[in-house]
Amino acid sequence: MATTNQGSARVSTLDRQFGHPSGVMGSVIEHKQLHQAAVDRLLLAQEDNVLEIGFGPGTAVKLAARHAGFVAGVDPSIEMVLQAKRRNRSAIRAGRVQLQRASASTLPFANETFNVVHEINSFNHWDKKESGLMEVLRVLKTGGRLLMVLRQGHSSLESDLEMLLGSLARIGFSQIEAERHQFGHGGVFVTARKPRSCLTAALIGKGAQSSMTQITCPSRSCSSSANDLAATT
Ligand SMILES: C[S@@+](CC[C@H](N)C(=O)[O-])C[C@H]1O[C@@H](n2cnc3c(N)ncnc32)[C@H](O)[C@@H]1O
């Protein structure tokens with residue numbers, strides 16, 4: 001009987017935690033739910049080459065590596081890199097995960113390396129936000145997708161969101177969408193894509209009113225001429 005009571009007490013605690021998470025346990029569960037929701041949203045498959053920026057303890061890296069063929073990650077904190085490497089050691093050994101110390105504004109990857117880039121609750125920590133977003137565009141493959149998860153409850157959420165949406169459009173991302181979510185403390189999922197061509201990026205970024213003689217792609221991986229632009233307008 002005592003065992004049954006203890007057992008049901010444990011179950012009801014968990015039930016309560018999943019319904020209305022609170023305290024340390026609640027915060028862990030909320031975090032897991034948010035990470036799972038973010039990774040689910042990426043719709044990852046074996047052929048995906050994924051980059052997570054600001055991976056922290058590496059929980060979402062681990063979830064993403066269950067579906068994607070390869071997951072890379074950067075975080076400027078040595079402590080986080082060590083923790084995340086411990087959490088993902090078998091996938092690292094198998095060559096399916098690679099984690100390193102770096103900042104969003106200086107991504108140590110060649111142009112057009114990844115077809116998915118994402119970050120969860122790290123954007124508000126980036127010291128050079130616009131440089132970071134330009135780096136994301138540079139390392140994304142053409143047509144590649146971006147997911148950024150901004151956290152509610154942080155005093156700068158609304159200004160970060162406004163800045164983010166404006167920068168993504170200016171830099172040349174396409175299909176930019178924002179959706180409020182209720183996971184954890186709540187927040188916003190922002191999704192976007194690297195356009196099929198730099199010309200599209202230039203058109204989106206400049207509002208198709210260019211009288212420029214040369215349009216340089218923000219990713220610096222190609223450029224388009226005024227003739228190319230004229231041919232599309
Ligand atoms: C609130 S934690 C989020 C960690 C993880 N994404 C998660 O959801 O558990 C913010 C992370 O952003 C990282 N960070 C700080 N500055 C950064 C930058 N300039 N570029 C990339 N990541 C950064 C921090 O080291 C930290 O791991």
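**A guided reading**

Guide: Let us begin with A45, a residue in the loop between α2 and β1. Please bear in mind throughout that the model is predicted.

Visitor: What distance separates the C-alpha atoms of L43 and V116?

Guide: These two residues are 73 residues apart along the chain. Their C-alpha atoms are separated by 10.0 Å.

Visitor: How many helices and strands are there in the chain, and what percentage of its residues count as buried?

Guide: The chain has 9 helices and 9 strands. Of its 233 residues, the share that count as buried is 36%.

Visitor: Among contacts between residues at least 6 apart in sequence, what percentage join residues at least 24 apart?

Guide: The contacts considered here are those in the chain between residues at least 6 apart in sequence. Among them, the share joining residues at least 24 apart is 62%.

Visitor: Let us turn to V61. Is V61 buried or exposed?

Guide: V61 is found in helix α3 (residues 59-65). Within 10 Å there are 28 other C-beta atoms, and 20 or more are needed for a buried residue. V61 is therefore buried.

Visitor: How far is D75 from F55 in space, C-alpha to C-alpha?

Guide: D75 is found in the loop between β2 (70-74) and α4 (78-87). D75 is buried, with 26 other C-beta atoms within 10 Å. Leaving out residues up to four places away in sequence, D75 touches several residues, including F55. In sequence D75 and F55 are 20 residues apart, whereas in space, C-alpha to C-alpha, the distance is 6.0 Å.

Visitor: Which residues come nearest to the ligand?

Guide: There are 18 residues around the ligand. By class, this shell has 8 nonpolar, 8 polar and 2 charged residues. Those that come nearest are G54, G56, S77, S122 and H125.

Visitor: Why is α6 said to be largely enclosed by the rest of the structure, and against what do its buried residues pack?

Guide: Helix α6 is largely enclosed because 8 of its 11 residues are buried. The buried residues are G132, L133, M134, E135, V136, L137, R138 and V139. They pack against β1 (49-53), β4 (114-120), β5 (140-151) and α7.

Visitor: Which residues make the contact between α6 and α7?

Guide: The axes of α6 (residues 129-139) and α7 (residues 157-171) come within 10 Å and cross at roughly 45°. That angle makes α6 oblique to α7, and the crossing is right-handed. The contact residues divide into 6 nonpolar, 1 polar and 2 charged. On α6 they are K129, E130, L133, M134 and L137, and on α7 they are M163, S167, L168 and I171.

Visitor: What is the phi of E112?

Guide: E112 lies in the loop between β3 (97-100) and β4. E112 counts as partly exposed, with 17 C-beta neighbours inside 10 Å. Although E112 is a residue other than glycine, its phi is positive, near 55°.

Visitor: Where does N121 lie, and is N121 buried or exposed?

Guide: N121 is not a glycine, yet has a positive phi of about 55°. Its place is the loop between β4 and α6. With 21 other C-beta atoms within 10 Å, N121 is buried.

Definitions and conventions:
Residues are numbered from 1 along each chain as its sequence is written. This is a predicted model: local features need pLDDT of at least 70, side-chain atom pairs count only at pLDDT 80 or more; totals for chains, interfaces and linings use all residues. Axes are lines fitted to C-alpha atoms, for helices over the stretch in contact, and angles run from 0 to 180 degrees between N-to-C directions. Helices (H or I, at least four residues) and strands (E, at least two) are DSSP runs, numbered from the N terminus. Angles under 35 degrees count as roughly parallel, over 145 as roughly antiparallel, 65 to 115 as roughly perpendicular and the rest as oblique. A crossing is left-handed if the near helix is turned anticlockwise from the far one by less than a right angle, and right-handed if clockwise. Two residues are in contact if their C-beta atoms, placed from the backbone, lie within 7 Å. Ala, Val, Leu, Ile, Met, Phe, Trp, Tyr, Cys and Pro count as nonpolar, Asp, Glu, Lys and Arg as charged, and the others, Gly among them, as polar. A residue is buried if 20 or more other C-beta atoms lie within 10 Å of its own, exposed if 12 or fewer, and partly exposed in between; C-beta atoms are placed from the backbone. A residue is near a molecule or strand if its C-beta atom, placed from the backbone, lies within 6 Å of it.
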